[in-house]
Structure formats: structure tokens, C-alpha cells
Amino acid sequence: MQTMDSYDFSGKKALVRVDLNVPQDANGQVTDDTRARAILPTVNKILNDGGSAILMSHLGRPKGKANPGMSLKPIGEYLSGLLGKPVVFATDCVGPDAQAKAAALKPGEVLLLENLRFHPEEEAGDETFSKTLSQLGDVYVNDAFGTAHRAHASTTIVAKFFPIDKLFGHLMQAEIDSVGKVLGHPQRPMTAIVGGSKVSSKIDVLQNLIGKCDELIIGGGMANTFVKAQEGQTGASLVEDDLLDTARAIIKEAAEKGVKLHIPTDAVVADAFAENANTDQCAADAVPDGWMALDIGPKSIDAFRAAILRSKTLLWNGPMGVFEMKPFQQGTVAIAQAVAEATSKGAFSLVGGGDSVAAVNQFGLADKISYVSTGGGAMLEYLEGKVLPGIAAVQG
Ligand code: AMP
């Protein structure tokens, strides 16, 4: 397989699927440019080699229709500032304007195509549309991890028109390498920390991880279902009664596979789901009627911290409590700090798949984690052990 480091883009027009789906305010101003900055290493490598870059992305959900409010034009102007050079804009991703501007592109130049999702063929993974896109470039680069779990035209189908010249961009490669370090051949012990609101959204992740980790820490709202599955009193906590058997099956499987399972032993409880609720602490299996567990307690923090600090590989997905509310964020803060501390002592840590990424950013710890994933849904599916179509298409 070709890689960004080995591929020579000199004289080539690279058709690059990027994720420029950046958040904007009501006036169209970019409010968070993380995704735009994340593509710079790939674009700069292409340009520095003496190639040119044709960038394609989606923005928002225009549902297959042109929508001026979701145009990529202002994002192109923003990107131009980041790159320190002009970004030519094509008013449609296919058709005469795109073709003419792609044909006229010279080494060192950048072209951005209009929002792919203005065409229903993009999300439908249409072959003809994919082929038309493919004709704009000589080599295909996929650097959009956030959409790698979707078999869309630009993320997956287009790759078949580049039998040899197809590769992952730097960002995509970093995501793949990080998951490989955790799920492929991890340094042991490997500990997975899974939290968040519901067991139902994490069943596949838990089942995949249980075959791979040495220790499994379960926190957040989903831990209540595990506590109740073991006959604990969970009061008014969030519990999925239809998943009690599933929780018991996971507990049994962990025991059979020799995975050390950590479920909270104490909790911070509240008499309402509110920032200003009355709060208390109690055993996780003795939550009084009318009260709910909204964070893990100090004994659970100590036990989870000890497990994290003896690990060489860490994977964290999902907060330990309702971290958006100050009274219930201590568990998530403590786990984030423990993961950062273990990392500083040489462990490899991957934080990915949604709110735990928001948590490490909010607590200012992102730069103390080995890798913080950029893809929410894509990372969750990857951790479930699924083959992501955008990855398979480039590897195949
Ligand atoms: P998820 O999207 O499944 O990762 O869940 C993240 C959400 O879970 C966050 O918004 C948290 O507020 C919520 N959460 C975490 N712990 C609890 C809890 N003990 N009870 C209710 N919700 C929780």
C-alpha cells in the first residue's frame, strides 16, 4: 500500500476527501477550526512535493439539494488564511466549472469543490457520480476519518476508480495507527474505560473490547444497569431494565475470559437531574428511593485510578458521570487526570468516540493524551470491531 510518506505527489493532481464540516455561527463564521487545521499536514505534503490538491468535503445536511447557507465557499476563504495561499473555489463539485478549474490547476495550487451533499448521489454512493469525481484527479487521498463509516461516493466508492493511486491522508493514518495500538497488538496490561449514558449504545463496543482488554472499567449512567443486574438498589437512576440480562452476560463473559471488571462501588447521588439538586454520596448498590446516581464516588475513583495507573495501554470512551454539570464532573475529571498521568509514565492512551473527547478538551488535558480521535460515530464503529467502508476501500 502507498503511504503519505512514500508517495511522490510531484506533478500530480490529488483528489482529497477531507472533513471541512466545521461548526459555524449564524453569520457563517467558523467557531471551531479543529477540523480545518487537521487537514493541513496532508495538504502541505502534497503541495510541498510539487503536486496540487483538489479538496472535496460535505458541510451540514443539505439533503441532496443546493443550499447557499451550507456553501463551502466561506470555508475555502478561511482555509486560504490557514494555508497562507489562495484557494480556488468551484461552484459545484461536478460539472463544467469543476472540470475547467481542476484542469487548469498548477503544481502548488489548491482547489476546493462545493459541498458534495448538494447532490443526492453523494450519500447514495452512486457509481456514475463517483466516476465523475474521480476524473478530476490522478490520485485519491482519503483524509476524512469522521465519515469513514459511511459508504458514500467521495469516501468509499470513488476509490475503485483509482486501482493503484489511492492512500490515506496523515489524519486518517493517525486514527488507524492509534486504534491498531489499542486493539491490534496492545502493550499489556490493556485497560478499556467505557462510560456514557446507556448500555444500549455501547453493547457492541463492550463485546468487542472484552475479548481484547485485561481490565474493563464501566462508569457513567450505563454502570447503573450493571449494579441493578447484580441485585443492587439503584433508586431513580437511569437504568435500562431490558438490558439486565445483557449486563449479566457481559459480567459472566468477563469472568470466563479472565478480564478484571470494575463497576462503581459508590456514587454521587442527587434528588433531581439538575445542577442545583441536593447531593449526597452512598454505596452504588444502595441508592435511596427518589435519588439518582449521577457520578462515580471517591472509592470508585480510587479503584479506577489504580487500574489505569498499572496499565500500559488505555482506551477511554464515554464520561463517568454527568460531567456537563459541575457537581457531577469529579469522576470524569479524575479519570481524565489518571489517563494523562499514566500517559506521562509511558502508557499509550486513546480517547475517542464522543463525549470523553469533549471532556478532555474541557479539562485542558487533550495534549497529555497520546491520541484524541477526531471521529465520533466513526470511532465508535471502529471500536465495535466493524470494518469501516472508507478504510476498506483504500486498503482493497
Ligand atoms: P454517550 O453519548 O452515550 O457517551 O453519553 C454521554 C452522556 O452520558 C453525557 O451527556 C452524560 O451527561 C451522560 N451521563 C453520564 N453519566 C450519567 C449518569 N450517571 N446518569 C445519566 N446520564 C449520564
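How many residues surround the ligand, and which are the closest? The ligand is surrounded by 15 residues, and the closest are Ser 197, Gly 221, Ala 293, Glu 324 and Asp 355. Please keep in mind as we go that this is a predicted model.

Let us look at some of these neighbours in turn. Ser 197 places a backbone N or O atom 3.0 Å from an oxygen atom of the ligand. At Ala 293, a polar backbone atom lies 3.0 Å from a nitrogen atom of the ligand. Glu 324 uses its side chain instead: one of its polar atoms is 2.4 Å from an oxygen atom of the ligand. On its own the ligand has 510 Å² of accessible area, and the protein covers 82% of this.

Strand β1 (residues 13–17) runs parallel to β2, and five bridges join the two. One of the residue pairs to look for is Lys 13 with its bridge partner Ser 52 in β2. β2 also pairs with strand β4 (residues 110–113), again in the parallel sense, over three bridges. Here Leu 55 has Leu 112 of β4 as its bridge partner.

Is β2 largely enclosed or open to the outside? Five of the five residues of β2 are buried, so this strand is largely enclosed by the rest of the structure. Both of its faces are covered: Ser 52, Ile 54 and Met 56 are buried on one side, and Ala 53 and Leu 55 are buried on the other.

Some backbone details in the loops also deserve a visit. Most residues other than glycine have a negative phi, and most peptide bonds are trans. Against that background, start with Lys 63, a residue other than glycine with a positive phi near 55 degrees. Follow the chain on from β2 (52–56) towards α3 (73–83), and you will find Lys 63 in the loop between them. Lys 63 counts as exposed because its relative accessibility is 69%.

Glu 231 is another residue other than glycine with a positive phi, in this case near 70 degrees. Its place is in the loop between α9 (222–229) and α10 (244–257). With a relative accessible area of 63%, Glu 231 is exposed.

The last stop is a peptide bond. Which residues does a cis peptide bond join? They are Arg 188 and Pro 189, with an omega of about 5 degrees. To locate Pro 189, look in the loop between α7 (170–184) and β7 (190–194).

Key. Residues numbered from 1 in each chain as written. Predicted model: local features only at pLDDT ≥ 70, side-chain atom pairs only at ≥ 80, totals over all residues. Heavy atoms only, no water. Helix = DSSP H or I, 4+ residues; strand = E, 2+ residues; numbered from the N terminus. Buried < 20%, exposed > 50% of the residue type's maximum accessible area, 1.4 Å probe, protein only. Pairing = 2+ DSSP bridges. Near = heavy atom within 4 Å. Polar contact = N/O pair within 3.5 Å; in protein donor to acceptor, adjacent residues only side chain to side chain. Areas by Shrake-Rupley, 256 points an atom, 1.4 Å probe, with all protein chains shown as cover.
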